[in-house]
Amino acid sequence: MKAARSEILANVRSALNKKDIEIPSAVDERLRAHAINTVPARVSGADADRIAIFIEEAERASATIERIKAPKELAGAVTAYLKSIDEEQAVRAAGHPLLKECLAEQTILEVTEGPSDGTDTVALTAAFAGIAETGTLVLCAGSESPTTLNFLPDTNIVLLPEVSIVGTYEDAWAALRQTMGSGVMPRTVNWITGPSRSADIEQTLLMGAHGPRRLHIILLADS
Amino acid sequence: MGAMNTALKNPIDVGLFATCLVDLMRPSVGFAAARLLERAGCTLHVPEAQTCCGQPAYNSGDNTDARNLAVNVIAAFEGFDYVVAPSGSCAAMIRHHYPALFEGDATMTARCQSLSNKTHELLSFLTDIMGVTEFEAEFEATATYHDSCSGLREMGIREQPRALMAAVKGLELRESGEAQSCCGFGGLFSVKYPEVSGRIVDAKSDAIEATGAETLLGGDLGCLMNMSGRLRARGSAIKTRHLAEVLAGTAPETPAIGEEGDKD
Amino acid sequence: MRSTTRNFVDNAARGLADDKLQAALGRLSQGFPVKRLETISRLPEFEQLRDDAIAIKRHTLENLDSYLERYEENAKVSGAHVHWARDGDDAREIILGICRDAGAKTVTKGKSMVSEEIGINEFLADNGVEPIETDLGEYIIQLRDEPPSHIIAPAIHLSGAQVADTFKESHDELDADRDLSEPRTLLEEARAILRKKFLAADVGITGANMLIAETGTSVIVTNEGNGDLTQTLPKTHIVIASIEKVVPTLEDAATILRILARSATGQDITVYTTYSTGPKRADDLDGPENYHVVILDNGRSSLLGGEFEDMLRCIKCAACLNHCPVYKAIGGHAYGWVYSGPMGAVLAPALLGLGETHHLPSASSLCGRCQDVCPMRIPLPRLLRQWRRRWFETGGEDTKTRLGLAAWAFLAKRPALYRPLMAIGTSVLKLCGGGGRRFPILPRPEGGSFVDQWKRGKR
């Protein structure tokens with residue numbers, strides 16, 4: 001294996017006509033600076049209405065969206081949504097502090113916490129951020145956000161505080177660096193834009209290929 | 001005649017590179033081109049030494065022969081202010097591909113570059129360089145236009161023929177959604193892979209017929225011969241012509257491509 | 001996978017005669033290209049993003065060794081095992097070794113063209129490990145033992161009825177009389193069967209759309225979520241990625257993502273974009289305990305610095321396939337190997353040699369639409385011509401073409417000989433009334449030569 005590594009790198013260097021095996025400072029400078037390239041003006045401008053654009057784009061990607069004003073409204077919103085899709089009033093929830101706060105006093109929903117083993121039908125999670133540019137949710141793996149919840153249950157309900165909606169992909173990375181430090185990543189970062197789909201049979205677009213059939217986003221105004 | 005570019009030197013010596021297909025198969029396109037250039041105010045020259053631009057060899061990977069033919073073209077045409085061809089692909093060959101043929105030969109590269117810079121396709125030359133906006137032509141027909149690939153993608157020709165067509169009295173343009181799709185000719189490609197090429201030109205013919213136009217116009221004889229051959233084989237009554245014939249007013253006296261008739 | 005590219009002419013004839021394939025290819029024209037235009041019309045920065053993306057790739061390729069080393073270093077910090085594979089043999093052995101260490105019986109797979117390139121499925125199966133493709137299209141063609149016919153829509157050549165037949169034959173534990181007449185029922189059946197496979201698999205293998213040097217992260221993009229189930233549920237996740245997939249930073253990845261899906265399916269972004277950095281951490285509640293990355297060269301380093309280097313910018317979006325008149329006439333299987341369309345016609349000769357693949361660069365009208373739509377502006381027509389030149393210069397071109405070109409060039413170099421001979425030729429052709437049925441492209445010439453008549457004073 002050592003041999004393969006040095007052989008490949010030697011081939012690369014010889015193709016590049018490089019005699020030096022030192023890593024040029026320009027490379028490390030670029031990694032350190034992680035400069036932003038072109039970003040869409042529509043969401044990066046100071047006066048961009050990021051919440052409105054997020055909603056428009058998430059709906060374009062076939063997510064459904066509703067807005068609540070206060071944490072205590074979450075249980076009612078989830079209940080009404082589950083009723084509308086004929087699901088039982090039970091969710092497998094991420095152990096996220098915001099979700100705990102929202103659900104502290106509710107009694108309607110049956111809530112269990114933890115990752116999914118594939119038997120749960122509804123997931124309730126909280127997103128790290130929303131990206132207005134394409135209506136994309138950002139979920140970071142960790143004790144407060146098991147990855148399996150994003151993929152195994154048929155219905156995925158995601159709580160997103162409106163203050164966590166950023167304009168661009170780059171804004172989302174900046175927010176993550178602020179939380180975790182530069183160069184550090186959660187084990188998994190999931191960007192999710194609408195429910196799972198496939199057009200592999202006769203180019204017919206169908207929702208619910210392997211992941212969730214439905215993605216319902218609840219925007220929280222005040223958190 | 002429409003507006004003209006008055007900032008140009010006088011006289012403007014233009015070498016007309018008829019292209020081998022026009023020269024041998026359809027001289028009337030050459031005469032039409034000549035008429036248009038003269039009406040635009042150019043002093044026209046038709047070097048006898050002209051033959052082929054070398055595209056068949058170049059596109060077959062035979063750069064040696066392509067180079068030899070390029071030397072011929074360069075020698076025959078480098079003395080003029082402009083070189084104009086009634087074909088986007090031959091003009092693109094000279095303009096974009098000649099310089100690469102002489103890599104490492106500074107003298108030839110310089111001669112190539114100088115020729116490249118002044119080589120143009122006919123219709124875009126008339127509008128972009130000579131500033132012509134119309135030819136006071138008449139042509140009573142519905143027509144659809146084919147954007148030949150090299151002209152469109154290598155020479156940026158799209159609006160120029162449309163602007164000239166818009167000024168033709170009686171001509172109604174019916175755009176095809178596939179105007180920019182390849183006709184499947186590709187020079188020797190159509191000879192080496194006739195079945196594949198045939199399927200492509202069949203699809204193209206479907207799109208042309210769907211416009212309901214009576215005439216198919218274009219700016220490149222190779223593509224026009226290919227489409228006309230297929231349309232006629234399918235029994236279509238659509239007539240195929242080079243746009244220069246329409247603009248020069250020679251269309252009524254010239255049978256369409258592949259049509260019987262003898263103007264001699 | 002064994003190539004049949006040598007038999008391109010027969011393969012193409014089969015494609016042309018296949019009505020179901022032709023119907024599917026007809027649908028293709030109305031799908032991806034239309035959606036692509038629609039999505040880029042909503043992003044005014046699209047052209048600038050293309051230029052940015054090209055600059056990123058160029059810079060990365062110029063410093064490829066450095067970025068690969070930084071990627072490896074950062075991936076290791078997060079607990080990844082990084083392996084290097086010179087070629088398919090190396091990669092297959094590494095992957096089999098990891099599977100054996102994991103005691104793997106079944107392996108789920110996300111869609112990966114590189115894994116097709118090294119033929120990992122056949123190799124694992126021969127060595128007692130069952131590979132299960134989980135992308136719906138890949139699953140269908142695996143059941144049918146076919147190669148992908150499109151790099152992002154592998155089963156695009158099939159009709160729903162063909163898929164239904166395949167499922168009835170393969171899923172023989174189910175009721176033989178069940179209704180599979182709709183794409184929805186087919187999808188549901190595959191979903192139910194594959195769900196069990198996801199949960200039971202010991203190892204998950206995915207490709208990577210990018211490797212990010214800054215953080216040691218691998219990225220996959222999917223719409224189905226199969227890639228995520230593949231890499232999250234089993235104890236071991238193996239990523240296989242070729243060397244040119246590395247990009248410097250998260251910001252650079254963002255730029256490339258903005259043009260990738262738009263050029264591919266015409267989506268603004270795929271449903272799932274997943275960034276993986278190392279194995280499960282102490283406080284993670286799920287995820288793989290082992291995370292391996294296999295970095296594969298397989299001939300790519302030899303393209304670097306040479307006349308085909310531009311091809312290393314390819315992000316496998318398939319825009320060139322979707323817009324190619326030849327691909328849309330014959331379909332992907334005619335190309336005879338893993339990659340098809342213009343990108344395949346440039347890449348296959350580099351990976352398999354011209355002897356096997358010389359038809360591919362030749363079988364193009366060089367219309368240039370591929371270069372127009374390539375988000376990375378790869379000059380595909382130029383690269384195709386370069387392969388033609390190599391083939392011609394090494395004496396590969398067939399004798400008929402060679403002699404024809406030589407004769408034409410001989411005459412065209414000698415106007416004094418060319419003119420009278422061509423005059424005879426066109427007169428004969430005129431007498432024959434043109435090329436007739438055999439050469440419909442040749443109409444009846446008008447007669448005489450333009451240059452000769454002009455010289456005689458005709459106007």
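In the predicted model, helix 4 (residues 63-77) of chain B and helix 5 (residues 88-101) of chain B have axes that come within 10 Å and cross at roughly 120°. Axes are lines fitted to C-alpha atoms, for helices over the stretch in contact, with angles running from 0 to 180 degrees between N-to-C directions. Helices (H or I, at least four residues) and strands (E, at least two) are DSSP runs, numbered from the N terminus. The crossing of helix 4 of chain B with helix 5 of chain B is left-handed; that is, the near helix is turned anticlockwise from the far one by less than a right angle. Helix 4 of chain B contributes Asn63(B), Ala66(B), Arg67(B), Leu69(B), Ala70(B), Val73(B) and Ile74(B) to the contact. Helix 5 of chain B contributes Ile94(B), Tyr98(B) and Leu101(B). Contact means heavy atoms within 4.5 Å. The residues of this contact comprise eight nonpolar, one polar and one charged. Here Ala, Val, Leu, Ile, Met, Phe, Trp, Tyr, Cys and Pro count as nonpolar, Asp, Glu, Lys and Arg as charged, and the others, Gly among them, as polar.

Residues are numbered from 1 along each chain as its sequence is written, and chains are lettered from A in the order in which they are written. Local features need pLDDT of at least 70, side-chain atom pairs count only at pLDDT 80 or more, and totals for chains, interfaces and linings use all residues, while side-chain values use heavy atoms, with hydrogens and water left out.

Chain C has 23 helices and 10 strands. Its C-alpha atoms fill a box of roughly 90 × 60 × 45 Å along the principal axes. Of the 459 residues of chain C, 66% are buried. Buried means under 20% relative accessible area, exposed over 50%, and partly exposed in between (1.4 Å probe, protein chains only). Among contacts in chain C with a separation of 6 or more, 73% join residues 24 or more positions apart.

Two pairs of chains are in contact, and chains A and C share the most contacts. In that pair, 99 residues of chain C meet 78 residues of chain A. The buried area is about 7600 Å², with 56% from carbon and sulfur atoms. Buried area is the accessible area (1.4 Å probe) that two parts lose on being put together, summed over both. Arg191(C), Glu251(C) and Arg258(C) supply 10% of what chain C buries against chain A, more than any other three residues.

The contact of chain C with chain B takes 56 residues from chain C and 62 from chain B. These chains bury about 5100 Å² between them, 63% of it on carbon and sulfur atoms. On the chain C side, Ile441(C), Glu446(C) and Phe450(C) lose the most area to chain B, together 16%. No contact joins chains A and B. Their closest C-alpha atoms lie 21 Å apart.

No disulfides (cysteine sulfur atoms within 2.5 Å) occur over all chains. For Cys317(C), the nearest cysteine sulfur is that of Cys374(C), 6.3 Å away. Cys317(C) is buried, at 7% relative accessible area. For Cys367(C), the nearest cysteine sulfur is that of Cys149(B), 4.5 Å away. Cys367(C) is also buried, at 8%.

His34(A) sits in the loop between helix 2 (25-33) and helix 3 (41-44) of chain A. Its relative accessible area is 17%, and His34(A) is buried. Asn298(C) lies in the loop between strand 10 (290-296) and helix 14 (319-322) of chain C. Asn298(C) is buried at 18% relative accessibility.
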